[in-house]
Each structure stands twice: as C-alpha cells, then as structure tokens.
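Please keep the viewer open as you read.

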Amino acid sequence: MEGQDEVSAREQHFHSQVRESTICFLLFAVLYVVSYFIITRYKRKSDEQEDEDAIVNRISLFLSTFTLAVSAGAVLLLPFSIISNEILLSFPQNYYIQWLNGSLIHGLWNLASLFSNLCLFVLMPFAFFFLESEGFAGLKKGIRARILETLVMLLLLALLIFGIVWVASALIDNDAASMESLYDLWEFYLPYLYSCISLMGCLLLLLCTPVGLSRMFTVMGQLLVKPTILEDLDEQIYIITLEEEALQRRLNGLSSSVEYNIMELEQELENVKTLKTKLERRKKASAWERNLVYPAVMVLLLIETSISVLLVACNILCLLVDETAMPKGTRGPGIGNASLSTFGFVGAALEIILIFYLMVSSVVGFYSLRFFGNFTPKKDDTTMTKIIGNCVSILVLSSALPVMSRTLGITRFDLLGDFGRFNWLGNFYIVLSYNLLFAIVTTLCLVRKFTSAVREELFKALGLHKLHLSNTSRDSETAKPSVNGHQKAL
C-alpha cells in the first residue's frame, strides 16, 4: 500500500508539473505573439533585405520580441498573483480552477526572474553586438565571423561588469566573507548584480513615474475631444483652410532650387493639415463625447493619482510604526489563505488598476524626459538598434514595477522568488527615503502642472515673461496650439 501511495504521489506530482509547464508555455506564447506584432508595427521596413544583414536583423528581432514578452510577463506578474489569490479565496473547492495554485504562482515568479536575468545580461547584449558586428579583420566574412566577434565582446563585457561589481562590493561592504561570496556565481553574484539593476530600475521609476502622472493629463487631452467653450469651430476651420491654401500657393510658386524653403513650407503645410484634421474631428464629435467623456476621464485620472499619493503617505506612517510594512518583512499567509486587501475583492481590483496606471505613467514619463526623448519609437521607421534600446528600457522598468509597488505600499502582496531577496529591500532608510521622495516629487509635479496657466499669466502681468523664467518652450500646451485646435487659456 505504501508503494502504491508513493507511485500515485509521483504520478500526481508529474501531472502537476506538466500542467503548470503547459500553462506557462501558453501564456508566454500569447505574450510573444502580441510582442511580435507590436515590434513589427514600429520596425523600419527598409531593414528587410535578403542577405546576411537580413539574417542578423531577423535574429535580433526574435531576441527583442522575446525580451518584450518577458517584460509584459513581469508587468502582469503582480496583478495576476493578486487576482489569483482572491479567486482561490472565493472558490476554494471549485474543480475548474484546480490548476490555479500556489505552485503555479511561485513558478511564474521564478521564471520571470530567470528570463529577466537572461534577457538583460545575455540576449540583449548579444543582439546589440551581433547587429553591430562585422567580423574580425583577416577572417572570412559571414555569420560565423560575426558570432565569434559577438561572443568575444560578450566575454569582455562580462569581465568588465564583474570587475565593477567587485569594486563596488569592496567599497560598500569591506568584508572578506562578502568578497569571497562573489566567487559563488549562481547563488550570490548574479542575484547581487540583479539587485543592483533592480535598484537602478526603481530609481528610474522614481524619476519617470511622477513626471508621467502629471503628463498623463496632457496625453489624454490629446487623445480625447475637449469641450467647446466660447469657441467657434467653423471660424477656426475657415481660417485654417485659408492658411492651407496660402501655403499651397506659396509652395507651388517656389522654384525647385530653393530646397530649404520648400522643405520648411512642406513641414508647415503638414502641421496645418494635421491641425485642420483635429478641428474637423472636434466638430464631428457628439455632445456626449465632448461634454461627458473628457471631464470624466480627467476626474478619473485625478482620483487615481490622489489615491496613489494617499497610499504612499499611509505607507510612510506604517513604516514608522510597524516593522512588517517593510517589503522584506515577515511573510504572509500564502496564496489562497487570506485576502491581502482590507476591502477584499474590491480592494484587490483597485490595487491592480493602480499598478497598471503606474506602469503606463512610468512609460509616458520615460519618453517625456528630455534625455530619453530620442528613444521614442516611430511607426514603420524605427531601427533595430533603437528597438533593442527600447526593449531593454521597458524590461528594466517592468522588472522594477513589482518591487516599486510593494515598496510604496500600493499592494501588500509579498514579493516571491528572487524579487523578495534584494538586499536593499531590508534597509529601512532606503525604503523610507524612496517613499518620501515619491510623494514629494509627485506632489510637486502635479502642483506645477495645474498651476502652469496661473504662473504664465502672473509672469505676463509682471513683465517677466521676456526673461524666460517659465518653461513655455517645454510646455506644448502653453507655447503652441494644442492638437485639439485651441490654446490653453486661464
């Protein structure tokens, strides 16, 4: 009987492993297909040749697609775990959700950590060096020569990173035991290196997310139709049509030798046509879309941002009085044993919405920063090198998202796998400073956003606008007409 029970337990364990592997494969396959369509939408079509470079581009495309799929999986990791915990609590004995268990959730976290390390330290550097390689001088040109050069570059990069981490560890923690532990490549060195990358990603999120939270109002204002208040759209369309006709006549009257003027006029004409299209869209929009959708979306964004800042403020108070509020504190009851939200399923749904909102805001803020502005992909006109840079940036942001959400107290779901083993998560001063900086910077960005019109009018009234004390050149809403056809007014 004991032998039969042991065989039965082994068979059950085997079937469970097969089922979990199949589920993970199907989920990743869906993410891979979606990521492939996203990248091909932005990839430059002129890169498609039928030669050696085409093979290199195709390999780099597959590696970039794999990295983007891993990034999407890292973003969905925490929301999927939260909703799975609530489903297991609501339907503990349901036959159709037997596949959803703690083992599957832990496996997904471990795979996300493993593939993030693989993409960040192996696949993306290989794709970049492989794309830029030409083969060593004196060797026969071809794919093999380019692979050899890429492998050599990867080896040199690994030695460089190993030396930098060794020196950093010696400066931060001057202990013989800690430096000797760096020899343990798999158990200590790679997790320590990924912990440093995660800290850098969280710092990047700290920079991008507050900017994105304030920028989201502008982005949604560009996508939606604003209410028509004291405006005559017919008159604006008539004026812009006359301007378009005047530019067209000037363009037709210029000779082909004046190349600079022609290019300048063509660009101006394209801007006028775009503005005319926006005005016509505003005119065709229904009253419900103009007067209800836009205010509702703006109010919703304001509520989500306010809730995020409020949760961070509450988390700061919890950090000061309760040690379990630390991200690396005591472990919770486990998957499916207790709800981690005070309001149950509603609270879990709110946490998921806020996590996605923070991720979208961080991406918007990332591309809004002046330093990363050139990284913005363009439809059908993005080189593979820029695609690789975008995939690496999104991977760093998405891998740090669960850590940031837990550090800020957006959710109480414990970090699983290697995500919960980062050394800096146990440092009280780092975690507290991170929360304080996020709350302060976000508040300042929002205050600056909503008081920009008042500041502009004050500068004009005092005659200080000629001194360029305000950032009018950087604010697309105040310096030029918005995409909806009218300027921002007080």
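The report below starts with the whole chain and then turns to local features.

This is a predicted model, in which local features need pLDDT of at least 70 and side-chain atom pairs count only at pLDDT 80 or more, while totals for chains, interfaces and linings use all residues. Residues are numbered from 1 along each chain as its sequence is written, and side-chain values use heavy atoms, with hydrogens and water left out.

**Overall fold**

The protein chain has 14 helices and 0 strands. Helices (H or I, at least four residues) and strands (E, at least two) are DSSP runs, numbered from the N terminus. Of the 490 residues in the chain, 40% are buried; here buried means under 20% relative accessible area, exposed means over 50%, and partly exposed is in between (1.4 Å probe, protein chains only). Among contacts with a separation of 6 or more, 78% join residues 24 or more positions apart, a contact being heavy atoms within 4.5 Å. The accessible surface comes to about 27600 Å², and carbon and sulfur atoms hold 65% of that. Such areas come from the Shrake-Rupley method with a 1.4 Å probe, and for residues only the protein chains shown count as cover.

**The second largest pocket**

This pocket has a volume of about 880 Å³. Of its 24 lining residues, I38, Y42, V363, Y367 and I394 are the closest to its centre. Helices α1 (2-42), α2 (52-90), α10 (344-368) and α11 each supply at least two lining residues, and α10 gives the most, with 7 residues. For the search, a 1 Å grid is laid over the protein atoms alone; a pocket is an open set of points where a 1.4 Å probe fits, with protein on both sides within 12 Å along at least five of seven lines, and lining residues have an atom within 4 Å of a point. Grid points are joined across faces, edges and corners, and the volume is the space filled by probe spheres set on the points.

F136 sits in the loop between α3 (102-132) and α4 (143-172), and F136 counts as partly exposed because its relative accessible area is 31%.

**Single residues**

S393, in helix α11 (residues 384-407), touches F366 and F375. S308, in helix α9 (residues 287-321), is in contact with L354, L358 and I410.

K43 lies in the loop between α1 and α2, and its C-alpha atom is 8.2 Å from that of K378, 335 residues apart along the chain.

| Residue | Relative accessible area | Class |
|---|---|---|
| S393 | 13% | buried |
| S308 | 1% | buried |
| K43 | 6% | buried |
| Q17 | 36% | partly exposed |

Key:
Lists of a residue's contacts leave out its neighbours within four places in sequence.
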